[in-house]
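Visitor: I'm new here, and I'd like to learn how you decide what to call things in a protein. Could you show me one and let me ask?

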Amino acid sequence: MVGAWRKVDLDGQAYLFQLDVSEDRVGYTCYLTDLVNIYKEKIDKDGFTDKFVEINSDLEDVDILEWFKEVNSIMNTDVEKKLKGEIVGDFFNLEIKWFSDEIPIRWIFKMTRGSPSDFHDQVTKSLLLSMSLLLGEREELVATIRSKDLEIEDYENSGARLTRKALKTTWFKPELAFNETKTVVIEDELAFLTSEQIQSIMNKTLAKNVDDEVDLKVKVNGSSSQASKNIIGEAKSLPPKLSNKRKVVKPDLAKIADSNKKKNKRSKLNSL
């Protein structure tokens with residue numbers, strides 16, 4: 001499971017931290033970046049077990065799975081904890097301390113400096129996917145507004161009129177719509193990337209990527225067993241297809257026009 005980027009403050013220096021947890025097993029890959037350099041650590045169950053027992057040697061009857069879940073929870077929530085960072089050459093040690101049922105617990109992420117390719121895959125690519133998502137949403141919004149303009153025009157051509165002139169809008173022109181949009185001044189880049197608005201966009205791209213991977217696996221598994229499914233399918237009758245069409249009730253524009261004409265006649269008679 002890919003975690004969201006979280007801002008961490010270490011001795012007055014801000015960083016972004018991401019924890020990718022393996023599903024249904026103990027293990028993770030974590031990343032730390034200041035948007036210039038990136039550090040990472042990948043660990044499996046054996047590595048986590050050995051390190052946890054070594055760091056917390058006073059604990060007895062260690063349930064590794066439960067402690068792994070707690071480390072994940074501690075880093076992905078705002079519970080009280082102490083963080084300390086230390087750079088030694090190409091290594092970055094991120095130490096966390098917290099209390100679990102009044103028992104002091106420690107964990108250390110021992111990360112090595114990543115390559116430019118790592119920075120691209122985890123930071124640059126994530127930002128590009130977010131921009132792509134925003135462009136797609138913008139195109140969908142413009143298409144929806146254009147459809148609404150056509151719908152309103154059809155009502156007006158059929159005799160419908162607005163009851164309040166203040167509701168009247170001009171024809172939407174996408175080439176002019178965003179020309180006056182002002183650029184937001186970003187004073188703190190890390191705070192901007194970890195803001196709720198930006199994280200909601202980045203998390204959307206992560207969810208879409210996961211769904212795409214699942215769809216790909218389903219297609220691959222489906223094609224491998226297609227022959228056996230065809231044999232079984234021939235012996236069964238296919239259920240009738242259900243129509244996905246639904247009846248759309250449209251307003252009677254002629255009645256609306258007649259109603260408006262009657263109102264105009266009444267107002268004229270009352271004025272006499």
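Guide: Let's start inside, at the largest cavity: the residues of its lining divide into 6 nonpolar, 3 polar and no charged. Keep in mind that this is a predicted model.

Visitor: Which residues line the largest cavity?

Guide: They are W5, L16, T33, Q122, V123, S126, L127, L193 and M202. Helix α3 gives the most to that lining, with 4 residues.

Visitor: What makes that space a cavity, and how much space lies in it?

Guide: A cavity is a set of points where a 1.4 Å probe fits but cannot get out. The largest cavity holds about 50 Å³ of space, and the count comes to 1 cavity of 30 Å³ or more. As for the idea behind it, rolling a probe the size of a water molecule over the atoms shows where empty space is left.

Visitor: And what about the second largest pocket: what is its volume?

Guide: That pocket has a volume of about 300 Å³. The elements giving two or more residues to its lining are α3 (116-157), α5 (189-193) and α6 (196-224). The largest share, 7 residues, comes from α3. Among the lining residues are L127, M131, E137, R138, F192 and M202.

Visitor: How does the lining of the second largest pocket divide by class?

Guide: It has 9 nonpolar, 1 polar and 2 charged residues.

Visitor: Let's zoom out. How many helices and strands does the protein have?

Guide: There are 8 helices and 7 strands. The protein has 272 residues, and 26% of them count as buried. Of the contacts with a separation of 6 or more, 52% are between residues 24 or more positions apart.

Visitor: Why is Q18 called buried?

Guide: Buried means under 20% relative accessible area. Q18 has 4%, so it counts as buried. Q18 is found in strand β2 (residues 13-21). Setting aside residues up to four places away in sequence, Q18 touches V2, G3, A4, W5, T29, C30, Y31 and Q122.

Visitor: Why is V53 called partly exposed, then?

Guide: The partly exposed class sits between the buried cut-off of 20% and the exposed cut-off of 50%. V53 has 41% relative accessibility, so it counts as partly exposed. Its place is in helix α1. V53 is also 11 residues from I64 in sequence, and their C-alpha atoms are 9.0 Å apart in space.

Visitor: Now the rings. How many aromatic pairs does a search of the whole structure find?

Guide: The search finds 10.

Visitor: What makes the pair of Y28 and F109 edge-to-face?

Guide: Ring centres have to lie within 6.5 Å for a pair, and planes over 60 degrees apart count as edge-to-face. The centres of Y28 and F109 are 5.4 Å apart and their planes are at 65°, so the pair is edge-to-face. This pair links distant parts of the chain: Y28 is in strand β3 (residues 28-33) and F109 in strand β7 (residues 103-113), 81 residues apart. Both Y28 and F109 are buried.

Terms used: Residues are numbered from 1 along each chain as its sequence is written. This is a predicted model: local features need pLDDT of at least 70, side-chain atom pairs count only at pLDDT 80 or more; totals for chains, interfaces and linings use all residues. Side-chain values use heavy atoms; hydrogens and water are left out. Buried means under 20% relative accessible area, exposed over 50%, partly exposed in between (1.4 Å probe, protein chains only). Contact means heavy atoms within 4.5 Å. On a 1 Å grid over the protein atoms alone, a cavity is a set of points where a 1.4 Å probe fits but cannot get out, and a pocket is an open set with protein on both sides within 12 Å along at least five of seven lines; lining residues have an atom within 4 Å of a point. Grid points are joined across faces, edges and corners, and a volume is the space filled by probe spheres set on the points. Ala, Val, Leu, Ile, Met, Phe, Trp, Tyr, Cys and Pro count as nonpolar, Asp, Glu, Lys and Arg as charged, and the others, Gly among them, as polar. Rings of Phe, Tyr and Trp (its six-membered ring) pair if their centres lie within 6.5 Å; planes under 30 degrees apart count as stacked, over 60 as edge-to-face and the rest as tilted.
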